[in-house]
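The stops below each begin with something to select.

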Amino acid sequence: MPVTVRACGAARTVTGLSLLFETGRARFLVDCGMFQGPKTLKALNWEPFPYNPREIDAVLLTHAHIDHSGLLPRLVKEGFRGQIIATPPTVDLCAVMLPDSGHVQQMEVENLNRRNRRRGRAEVEPIYTSADAIAALRAFRAVPMDRWLEFPSLPGIRARWWNAGHMLGSASIELEFSEDGAAPLRVLVSGDLGPDCSAFHRDPEGPDAIDHVFLESTYGDEDKPCVDHAARRDRLAGIVQDAAHPGGALLIPAFAVERTQEICWDLVTLMQSGRIPMAPIMVDSPLAIRATEVFLEHAAALENGHSVKRALRSPLLQFTETVEQSRRIAEVEGFHIVIAGSGMCDAGRIRHHLKRWLWSPDATVLLTGFQAEGTLGRLLREGKEEVRIQGETIRVRAAIREIRDYSGHADAPELAAWLRARGPVTGSVFLVHGEPPAMEALAERIAAEGLAAEGRVILPVLDDAYDLAPATAPRRREVSHRRPDPAQAGRPDWHNARAALLLAIEEAIERAPDDGARRAVMARLRGALEAG
């Protein structure tokens, strides 16, 4: 039986990476990520898995980010009984990130059900709870980097984890499939690859002479200049100085793991050196607080571990864990900095702070990472003058700034260089974990640079399946069941369109010159609705 692979997530979208590999003797996943972004895409998290979780023998995990690990508790809840295998820092980070993910889902569903009860709609259940996540942690097993490993549950297969340079513990996973008398098949799943200029991690590594590569493509259409650590701090210092209005605030939506710790390191260092004004730095994220403890424990694995450790223990940082502590931030007088999740502004405590400050010209919002289509962060980056948060319309008068230098992802030239070092790739390159424009641009670059044979750069759609063999092009298999709208799920959906329409209606009514004109606008709207 040939080796088959199915793209169960992050196919023409950035989130939800999951690949199902099958042989005649084993079935296993590489990653089991949660879909994030527009509500249509998030709805895929409730869809049945395209396989029976009880029949999965193991999960090999590249790293702890929720878009790679976030559905593992659901997998265990629905019957998976194998091991979840990852590097030691990834195991430790998942121990704080997955229960937090369950808690967030419980809170979001509780709020949704409150609205559903008022509207007479049926209540919904969370995908999983924090208790489910804690139960799933028993399945984790830590393994070292840079060593071939075999597992009793995966006969005929061995795996090796390589540093991916993306975040603490992140890895690319090399797979070797061996059948008696047949040439081995070598597959490499990149996971998320870090940039060459990372201040935390070594450059990504990996093997060569691979048959098939599954390559992330988040920034596949970008060529970001390599900014060294000193230049990045210079840029951050300028943004903080511009934002330091008396009585104002600098809001930094940041991913709780890695991004928050790196920004805290830079802010503390800049304040201690006198390059930016002293100000309270509020880390308003229970997850970031617990993740920081993991970073302190594994600081030796970081390139600047001693300096990072010293900064993260600075009294300049004020960690607010409880809801009451978070609310008290509104009482802070004078300029202050708030770092809170989520990085795309689509959930978490940052939304509370944005509701309080977006209308104020004394506030600055600093975006520090990738903003997926349909998220609030993407709308702010695109310069929307009004946004809706939790059903409330807010006019944006705060300064919206962006700093790309904290990106944890390699850009297009770095992705191509990493792929070139893995060559020769004798089979195909599958592009995953990217939006279509980025994937298409990277595919063109790979073809132009001769990094894959003609016609062997593949952009799978959600639930596509392929047979893999050594040194040959994959053969696409027929799939009996596909989940809803896989090609469109990652794009702005009707929820985004509704929010834009409501904003347009409010703006039209407000701009009308008098009450008569306002009544005329509303009459035309009502007439259009009744005609429909």
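A salt bridge here is a side-chain nitrogen of Lys or Arg within 4 Å of a carboxyl oxygen of Asp or Glu. This is a predicted model, in which local features need pLDDT of at least 70 and side-chain atom pairs count only at pLDDT 80 or more, while totals for chains, interfaces and linings use all residues. Residues are numbered from 1 along each chain as its sequence is written, and side-chain values use heavy atoms, with hydrogens and water left out.

**Salt bridges**

Select arginine 290 and glutamate 321, which form a salt bridge with their closest N and O atoms 3.2 Å apart. Arginine 290 lies in helix H8 (residues 286–297) and glutamate 321 in the loop between strand S14 (317–319) and helix H10 (323–328), so the pair ties together parts 31 residues apart in sequence. Helices (H or I, at least four residues) and strands (E, at least two) are DSSP runs, numbered from the N terminus. Arginine 290 is partly exposed at 30% relative accessibility, and glutamate 321 is partly exposed at 35%. Buried means under 20% relative accessible area, exposed over 50%, and partly exposed in between (1.4 Å probe, protein chains only).

The structure holds 35 salt bridges. For another, select glutamate 55 and arginine 27, whose closest N and O atoms are 2.9 Å apart. This pair links distant parts of the chain, with glutamate 55 in the loop between H1 and strand S4 (58–60) and arginine 27 in strand S3, 28 residues apart. Which of the two counts as buried? Arginine 27 does, at 17% relative accessibility; glutamate 55 is partly exposed at 44%.

Next, select glutamate 402 and arginine 404, whose side chains meet in a salt bridge (3.7 Å, N to O).

Select strand S2 (residues 18–22). Four of its five residues are buried, so S2 is largely enclosed by the rest of the structure. Two strands pair if DSSP finds at least two bridges between them. Strand S1 (residues 3–9) pairs with S2 in the antiparallel sense over five bridges, and threonine 4 stands opposite glutamate 22 in S2. S2 also pairs antiparallel with strand S3 (residues 27–30), over four bridges. Show leucine 20, which has leucine 29 of S3 opposite. S2 and S3 make a hairpin with four residues between them.

**The seven-stranded sheet**

Select S7, S8, S9, S10, S11, S20 and S21: these strands form an open sheet in that order, with mixed pairing. Strand S7 (149–150) and strand S21 (457–458) stand at the edges with a single partner strand each, so one side of each has no neighbour in the sheet. S7 is joined to strand S8 (residues 157–163) by two bridges, and the two run antiparallel. Leucine 149 stands opposite alanine 159 in S8.

Move to phenylalanine 177, in strand S9 (residues 171–177). Phenylalanine 177 is buried, with a relative accessible area of 5%.

**A positive patch**

Finish by selecting Lys39, Arg115, Arg118, Arg119 and Arg121, which gather in a patch of positive charge on the surface. Such patches take residues with over 30% relative accessible area and no salt bridge, like charges being joined within 9 Å. Helix H4 (residues 88–119) supplies the largest share, three residues. Lysine 39 sits in helix H1 (residues 39–42) and is partly exposed at 48% relative accessibility.

Definitions and conventions
Patch = residues over 30% accessible without salt bridge, like charges linked within 9 Å, V, L, I, M, F, W, Y side chains within 5 Å. Areas by Shrake-Rupley, 256 points an atom, 1.4 Å probe, with all protein chains shown as cover. Lys, Arg positive; Asp, Glu negative; His and termini not counted. Charge placed at Lys NZ, Arg CZ, Asp CG, Glu CD.
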